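Take the points in order and find each residue as you go.

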Amino acid sequence: MSSIILESINHNFPLTIKTMIKSYKDLTVYNRSFKAAMDIYWMTRNFPKEEIYSLTSQIVRSSRSISSNILEGWAKRTYDLVFKQHLINSLGSCSETETWLNFALECQYINNETYNRFIIELDQIGKMLNKLHQNWTNNEKRNT
């Protein structure tokens, strides 16, 4: 089993919890990033058809890349540095998705409320990825 030390996001209450993670499905960051990608997919169904091979395709692919990199890294988690590199790739995909959201807002395909909702969620996902990267240790190889 892999273990990770999680700290409270609210630094006024430093809380350290040791949690056993048995599956990628136990990673909140995976679940949130998957949901965000699905929400983005459904949002893009309203984009103009002429954007299907450019903006629509790019934003859907970059948003999906966040959770897919987490899962690919999870499959290779016995190598801490490899898993952490996938988390960094996920973080890059978060930033790329934000860029495409900026274009969608400027092109007036989405409103400020939708934009802000996604930006806030991507920011939270990014913070979770950073925290996971910072605190990840894999005890599977140490316990065998």
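This is a predicted model: local features need pLDDT of at least 70, side-chain atom pairs count only at pLDDT 80 or more; totals for chains, interfaces and linings use all residues.

1. Ser65 has a relative accessible area of 18%, and the cut-off for buried is under 20%, so Ser65 counts as buried. You'll find Ser65 in helix H2, which covers residues 55-75.

2. Now look at what surrounds that serine. Leaving out residues up to four places away in sequence, Ser65 touches Ser90 and Ser93. With Ser93 there is also a polar contact between the two side chains, at 2.8 Å.

3. Time to zoom out. The protein chain has four helices and three strands.

4. A few totals for the whole chain. There are 144 residues, and 40% of them are buried. The accessible surface comes to about 8600 Å², and carbon and sulfur atoms account for 54% of that surface. If you take the contacts between residues with a separation of 6 or more, 66% of them link residues 24 or more positions apart.

5. Next, helix H3, residues 80-106. H3 has 27 residues and reaches 40 Å from its first C-alpha to its last, which is close to the 39 Å expected at 1.5 Å a residue. After H3 comes Gln108, with a positive phi near 65°.

6. While you're there, check Cys107, which lies in the loop between H3 and H4. Cys107 is partly exposed, as its relative accessible area is 37%. Where does Phe47 sit relative to Cys107? The two are 60 residues apart along the chain, and their C-alpha atoms are separated by 10.0 Å.

7. On to helix H4, residues 112-135. Its 24 residues reach 34 Å from first C-alpha to last, close to the 34 Å expected at 1.5 Å a residue. The N-terminal end of H4 is capped by Asn111, which has a side-chain oxygen 3.2 Å from the backbone nitrogen of Glu113. The buried residues of H4 include Tyr115, Phe118, Ile119, Leu122, Ile125, Gly126 and Met128. Color those in and look at where they sit on the helix.

8. Now the charged pairs. Side chains of opposite charge can pair when their charged atoms come close. How many salt bridges are there in this model? The count is four. I'll go through some of them in the next points.

9. Start with Glu121 and Arg32, whose side chains meet in a salt bridge at 2.7 Å, N to O. Glu121 belongs to helix H4 and Arg32 to helix H1, so this pair ties together parts that are 89 residues apart in sequence. Glu121 is partly exposed at 21% relative accessibility, and Arg32 is partly exposed at 29%.

10. Compare that with Asp39 and Lys35. In this salt bridge the closest N and O atoms are 2.7 Å apart. Asp39 and Lys35 are four residues apart in helix H1, so about one helical turn separates them. Asp39 is partly exposed at 25% relative accessibility, and Lys35 is partly exposed at 49%.

11. One more pair: the side chains of Glu72 and Lys76 form a salt bridge at 3.0 Å, N to O. Glu72 is partly exposed, with a relative accessible area of 39%. Lys76 is partly exposed too, at 33%.

12. Last stop, the surface. Which residues make the nonpolar patch of about 320 Å²? They are Phe34, Met38 and Trp42. Take Met38 as an example: this residue lies in helix H1, residues 28-44. With a relative accessible area of 31%, Met38 is partly exposed, and patch residues need over 30%, so Met38 clears that cut-off.

Technical notes
Residues are numbered from 1 along each chain as its sequence is written. Side-chain values use heavy atoms; hydrogens and water are left out. Patches are made of residues with over 30% relative accessible area and no salt bridge: like charges are joined within 9 Å, nonpolar side chains (Val, Leu, Ile, Met, Phe, Trp, Tyr) within 5 Å. Accessible areas come from the Shrake-Rupley method with a 1.4 Å probe; for residues, only the protein chains shown count as cover. Helices (H or I, at least four residues) and strands (E, at least two) are DSSP runs, numbered from the N terminus. Buried means under 20% relative accessible area, exposed over 50%, partly exposed in between (1.4 Å probe, protein chains only). Contact means heavy atoms within 4.5 Å. A polar contact is a pair of N or O atoms within 3.5 Å; within protein, one must be able to donate a hydrogen and the other to accept it, and residues adjacent in sequence count only if both atoms are side-chain atoms. The expected span of a helix is 1.5 Å times one less than its number of residues.
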